[in-house]
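I opened this entry to log what I looked up, chain by chain. The structure goes in first, my notes after.

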Amino acid sequence: MIEWLVSTNHKRIGILYMVTSLSFFALAGFLADVIRLQLSRPQLNLIGPHSFNQAFTLHGTAMIFLFIAPFGFGLANYLIPIHVGAPDMAFPRLNAFSYWLFLLGGLTVFSGALTAGGAASAGWTAYAPLSDVQVAAGSGQDLWIIGLAMTSISGILTAINFLVTPIVYRAPGMSMWRMPVFVWDMIATAIMVLMAFPSLTVVLFMLLLDRHAGAKFFVIQGGGDPILYQHLFWFFGHPEVYVMILPMFGVVTEVVGVFSRKPVFGYTGLVLSAFGIAGLSMGVWAHHMFTTGAVDDPFFSAMSFAIAVPTGIKFFNWIGTMWRGAISYETAMLFVIGFMLNFLIGGITGIYVASPPIDFHAEDSYFLISHFHYTLGGGSMFAIFAALYFWFPKIWGRKLDERMGRAHFVLMFLGFNLTFFPMLFLGFMGMPRRIYTYPALPGWGELNLLSSCGALLITLGTALFVWNLIVSSRKREALPDDPWGGGYTLEWATSSPPPEFNFDFLPPIRSKRPAFDLHYPQYAKDSPE
Amino acid sequence: MTIALRMSVSIVAFGLAVAGLYWFFARDLTGTVLLGVFGLGFLCVFAYLVASRKKTRLDGDEQRLPSELAGERIGVFSIESPWPVLLALASASFLIGVVLHPMLGAFAFVALLAVLWGLARESR
């Protein structure tokens with residue numbers, strides 16, 4: 001126990017990040033079930049409106065700030081040094097500090113539930129004036145603000161490590177253009193974090209000053225402007241979407257290559273598109289503010305359409321990798337295919353709402369809920385499960401059970417689509433989000449019931465995954481360095497799990513596929529690339 | 001190194017170009033400043049990279065094999081340290097204390113200084 005508390009080893013910190021983020025996922029999932037139970041029938045009153053507001057606030061906060069992005073950070077913590085052939089992160093103690101600050105930040109957010117007024121209830125965006133002290137008087141909102149500020153600072157410190165380590169600590173032969181795409185995606189992610197997260201930290205402290213020091217940044221009567229809050233929040237908030245999805249693009253790239261038994265198609269395009277996404281993501285924040293009437297809609301609409309281009313490049317490259325490959329459908333690959341299908345729906349609905357005339361109709365409706373759950377739930381969450389199935393053997397030295405894994409995938413895929421596809425129709429029928437109950441209008445009850453049944457399937461799938469983790473981690477088996485056969489990147493050239501400083505023997509790095517070259521020298525190219 | 005330089009220049013150029021474009025279309029100061037900061041922030045990175053260019057040698061750009069470089073020291077990596085977790089605890093207590101319980105904030109501030117001192121000693 002003590003050795004985990006004081007450890008600065010990147011693998012242990014990565015595991016801590018992943019376990020913590022999965023625990024927050026379980027909490028957020030439980031809250032989602034509460035929300036779906038309340039909405040399963042019209043005019044139900046299982047929980048009151050204040051509890052409902054707290055539930056969706058904590059659900060959104062946990063999923064976005066405490067699960068998806070931190071899981072990516074955890075995976076990157078584990079993989080980046082190994083991928084570039086380094087013994088550890090560039091700043092190990094800073095790395096450990098980032099993790100503990102993240103954990104305490106998350107606990108602080110949830111600790112609001114123990115206060116007299118309950119947890120924060122202003123939504124995960126905490127728009128002013130909903131989060132002003134006049135509306136949200138309890139200390140639950142304060143704890144939410146402080147907790148998020150801590151996770152934000154933690155993210156910035158983590159990003160420094162993600163940027164410095166691959167640039168400075170690459171092993172001999174691991175030139176930048178030989179690095180795995182996952183590492184490139186994390187570099188782009190780190191740049192976005194460094195640019196966007198300070199905006200969140202600042203806006204949270206401004207909100208605290210408004211609440212406790214009499215500042216009037218967002219109070220109209222004091223000369224402030226609530227729209228300023230939205231600008232600063234979304235200047236962080238939209239890049240944050242890509243902070244959550246880019247690491248998962250990296251996961252998909254690595255998994256697709258290995259299970260298609262083909263080198264990744266269009267390496268350069270995949271790398272450049274990550275930077276295209278990162279750059280463009282900094283200039284699309286106000287598409288969340290079309291309906292305020294206070295932003296230049298055509299500019300932000302055009303920028304939002306443009307971001308579909310680099311994302312499309314990644315998509316085509318994954319399809320190009322699978323094309324005529326000897327695809328094997330292990331669970332990790334199934335989740336990647338699920339990711340691609342779900343994310344496609346998320347992306348296409350994203351193009352809808354990037355168009356102001358459609359967005360004016362869909363704003364604050366269930367269409368929007370469906371859209372971002374398809375990108376972040378159907379996208380990032382599916383990729384997270386792919387990553388868990390793919391790298392669990394490397395991290396734990398045991399393979400997860402494939403039969404249970406396939407059942408898990410089926411439950412998740414059916415459950416996810418049953419939950420969120422009906423919401424597209426609910427949105428266009430006019431059902432607003434963030435309401436704790438609704439009248440028995442034609443079709444609303446049936447579609448909501450379908451949605452709640454889907455949530456139940458997701459819960460069953462997740463429970464099966466937890467059971468799989470417990471059963472598989474107790475198996476007795478000795479895995480080879482590369483249990484999948486045909487792994488390309490350096491983690492497949494070291495033991496499972498790797499030794500303290502990652503490699504007992506670092507193989508020669510002559511190409512983008514050093515592990516493959518090591519295990520299959522007959523296929524290694526003669527000339528270095 | 002060259003790639004890092006190119007990356008920084010591209011980001012600076014992109015940030016400033018989009019800021020200019022945004023100002024041209026929207027005449028909105030908040031957004032222009034945010035985009036400008038995005039570009040200018042990386043100007044600092046670019047300046048640092050230019051300044052440190054001559055004295056930087058990166059192993060990753062080495063084409064010799066690891067076996068040929070055996071014995072080279074690449075850095076010191078601490079295996080464990082109690083200070084990161086203590087620093088996080090002190091920082092969290094300080095932040096919560098300042099807003100909700102000034103007395104806790106005061107105690108946490110003293111603890112924070114002590115932890116920073118310990119961390120600095122360990123780093124020497």
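I began with contacts in chain A. Among those with a separation of 6 or more, 81% join residues 24 or more positions apart. I kept in mind that this is a predicted model.

Next I looked up burial. Of the 529 residues of chain A, 59% count as buried. Along the principal axes, I read a C-alpha trace of about 70 × 50 × 50 Å for chain A. For secondary structure I noted 16 helices and zero strands in chain A.

I picked out one helix, H8 of chain A, residues 267-281. Its 15 residues reach 21 Å from first C-alpha to last, close to the 21 Å expected. Eleven of the 15 are buried, so H8(A) is largely enclosed by the rest of the structure. The buried ones include A:Tyr267, A:Leu270, A:Val271, A:Ile277 and A:Leu280.

Then I turned to the interface. I found 43 residues of chain B in contact with 46 residues of chain A. On the chain B side, helices H1 (2-26), H2 (29-51) and H3 (83-100) each supply at least two residues. H3(B) gives the most, with twelve. By class, I logged 29 nonpolar, eight polar and six charged residues on that side of chain B.

Last, I checked the domains of chain B. The assignment gives domain 1 (2-57) and domain 2 (83-123). I noted 35 Å between the C-alpha centres of domain 1 and domain 2 of chain B.

Notes: Residues are numbered from 1 along each chain as its sequence is written. Chains are lettered from A and ligands numbered from 1 in the order in which they are written. This is a predicted model: local features need pLDDT of at least 70, side-chain atom pairs count only at pLDDT 80 or more; totals for chains, interfaces and linings use all residues. Helices (H or I, at least four residues) and strands (E, at least two) are DSSP runs, numbered from the N terminus. The expected span of a helix is 1.5 Å times one less than its number of residues. A residue is buried if 20 or more other C-beta atoms lie within 10 Å of its own, exposed if 12 or fewer, and partly exposed in between; C-beta atoms are placed from the backbone. Two residues are in contact if their C-beta atoms, placed from the backbone, lie within 7 Å. Ala, Val, Leu, Ile, Met, Phe, Trp, Tyr, Cys and Pro count as nonpolar, Asp, Glu, Lys and Arg as charged, and the others, Gly among them, as polar. Domain bounds come from an automatic or database domain assignment.
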